[in-house]
Amino acid sequence: VHAVVAVGGALAGWGFMSLVAASIAGVAVSVVVALLSRPADLDFAAVPGEWRGQWASMAGFGVQVASLSALTQAGRSLNELAIGRFAGLEPTAWYSRAAGLVELFGSLASRALSPITLAAYAADARADEPPARRFLRVQARLTGAGWPCLAVLALLAEPVIALLYGPVWGQAAPLAALLCMAACIELAYSSWQALLVSRGELARANRTLALAQLLRLPGLLLIVPLGLAGAALGAILSALLTAGLVLRVLRHRAGLAPRDWLNALAPSLSTALVCAGSVLPAWLLARALPEAPIAALALAAPLASLAWLGMLRRVGHPLWPELAAAAARLRRQPLAAGSAP
């Protein structure tokens with residue numbers, strides 16, 4: 001529904017309002033589907049005297065979650081606001097294009113995985129399972145898929161931007177490469193909010209996120225002397241500072257040891273480095289033929305895919321057994337379909 005309203009509104013001439021209408025329509029449909037899909041024992045026909053307490057509990061939880069979302073969105077806008085104030089409109093457009101490209105993977109992955117991650121953390125909380133174990137498993141899988149993608153994108157940002165947005169946006173490519181580094185750091189601890197929320201630590205999650213936004217200020221100060229490059233370097237600095245804060249919080253609240261966290265992410269790091277090295281021929285081709293970005297990307301896709309699968313198997317990454325099991329199921333399905341009466 002979100003996609004249909006957005007594209008349909010744009011074709012009808014609504015302009016940017018088509019995106020606003022799409023967001024409202026998408027949320028409305030999500031609410032309706034959630035109500036229709038609720039468990040059978042979740043009955044809204046409560047005793048009148050109980051509604052006050054139920055609504056108060058729901059409202060309190062909703063306010064805390066909404067504040068998390070508001071703080072997150074504010075943090076994403078700080079760099080562009082600062083660039084617009086100190087550097088002007090055109091540099092803001094370059095940065096926004098680069099940041100939007102880098103955030104594509106995160107937005108697609110988080111939209112699909114966040115509900116599942118939160119449910120898994122909540123199941124562990126109900127079973128009184130140690131939270132650090134699940135956190136390490138989640139982050140290993142997220143970085144196993146995300147870090148190779150971001151590493152390849154950092155090298156091939158120029159042909160990707162030329163293909164998706166046109167060569168006029170070429171100045172955004174160096175920024176995208178630096179922002180990929182910041183995104184890699186953020187991905188290493190990306191599910192910390194879901195972990196705290198699943199444990200009922202909403203107030204602590206809000207305090208931590210508010211402090212994380214304050215830690216962006218040193219990075220923002222780099223915009224004044226260094227301009228756009230300072231903004232990208234500032235994003236890396238902010239991600240590092242936030243990583244230290246989050247790890248400190250999770251060490252006290254979830255028993256997460258930094259050494260265990262680094263060990264869990266080591267297979268993903270080696271996989272990302274090999275994937276980046278595998279696309280060097282495509283990078284050289286992009287430098288030789290900048291007017292044909294599709295050629296470089298067509299070469300990079302199989303090289304990176306083969307390197308990714310090979311390294312997942314070589315280092316014993318947790319993603320490899322799951323991919324192997326999924327491939328086995330796909331191989332069995334045609335046989336099962338063919339043998340059905």
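**Reading a predicted model, piece by piece**

Visitor: Where is the place of D128?

Guide: D128 sits in the loop between α4 (89-126) and α5 (131-155). Helices are DSSP runs of H or I, at least four residues long, numbered from the N terminus. This is a predicted model, where local features need pLDDT of at least 70 and side-chain atom pairs count only at pLDDT 80 or more, while totals for chains, interfaces and linings use all residues. Residues are numbered from 1 along each chain as its sequence is written, and side-chain values use heavy atoms, leaving out hydrogens and water.

Visitor: What is the phi of D128 near?

Guide: Most residues other than glycine have a negative phi. D128 has a positive one, near 60°, and D128 isn't a glycine.

Visitor: Is D128 buried or exposed?

Guide: Under 20% relative accessible area is buried, over 50% is exposed, and in between is partly exposed (1.4 Å probe, protein chains only). D128 has 66% relative accessibility, so D128 counts as exposed.

Visitor: And G316, buried or exposed?

Guide: G316 is exposed, at 54%. You'll find G316 in the loop between α14 (293-314) and α15 (319-339).

Visitor: Which residues does T143 touch, beyond four places away in sequence?

Guide: Contact means heavy atoms within 4.5 Å. T143, in helix α5, touches P148, L187, A188, L265 and S268. At 0% relative accessibility, T143 counts as buried.

Visitor: What about V246: which residues is V246 in contact with, leaving aside neighbours within four places?

Guide: Those are Y189 and W192. V246 belongs to helix α11 and is buried, with a relative accessible area of 2%. From V246 to E129 you count 117 residues in sequence and 20 Å in space, C-alpha to C-alpha.

Visitor: Now whole helices. At what angle do α12 and α14 pack?

Guide: Axes are lines fitted to C-alpha atoms over the stretch in contact, and angles run from 0 to 180 degrees between N-to-C directions. Helix α12 (residues 258-278) packs on α14 at about 150°, with the axes 8 Å apart. Under 35 degrees is roughly parallel, over 145 roughly antiparallel, 65 to 115 roughly perpendicular, and the rest oblique. So α12 and α14 are roughly antiparallel.

Visitor: Which residues meet there?

Guide: From α12 come S270, T271, V274, C275 and S278; from α14 come L303, A304, A307, W308, M311 and L312. By class, that contact has eight nonpolar, three polar and no charged residues. (Ala, Val, Leu, Ile, Met, Phe, Trp, Tyr, Cys and Pro count as nonpolar, Asp, Glu, Lys and Arg as charged, and the others, Gly among them, as polar.)

Visitor: How do the axes of α9 and α11 cross?

Guide: Helix α9 (residues 202-214) and helix α11 (residues 223-253) cross at roughly 160°, and their axes come within 10 Å. That makes α9 and α11 roughly antiparallel too. R204, T208, L211 and A212 in α9 meet T242, L245, V249 and R253 in α11. This contact has four nonpolar, two polar and two charged residues.

Visitor: What is the mean pLDDT of the chain?

Guide: pLDDT is the predictor's confidence in each residue, from 0 to 100. The chain's mean is 87, and 94% of its residues reach 70 or more. Over residues 335-341, though, the pLDDT is below 50, and this stretch has zero contacts in the model beyond near neighbours in sequence. Where pLDDT is low, the predicted coordinates should not be read in detail.

Note on methods: Helices (H or I, at least four residues) and strands (E, at least two) are DSSP runs, numbered from the N terminus.
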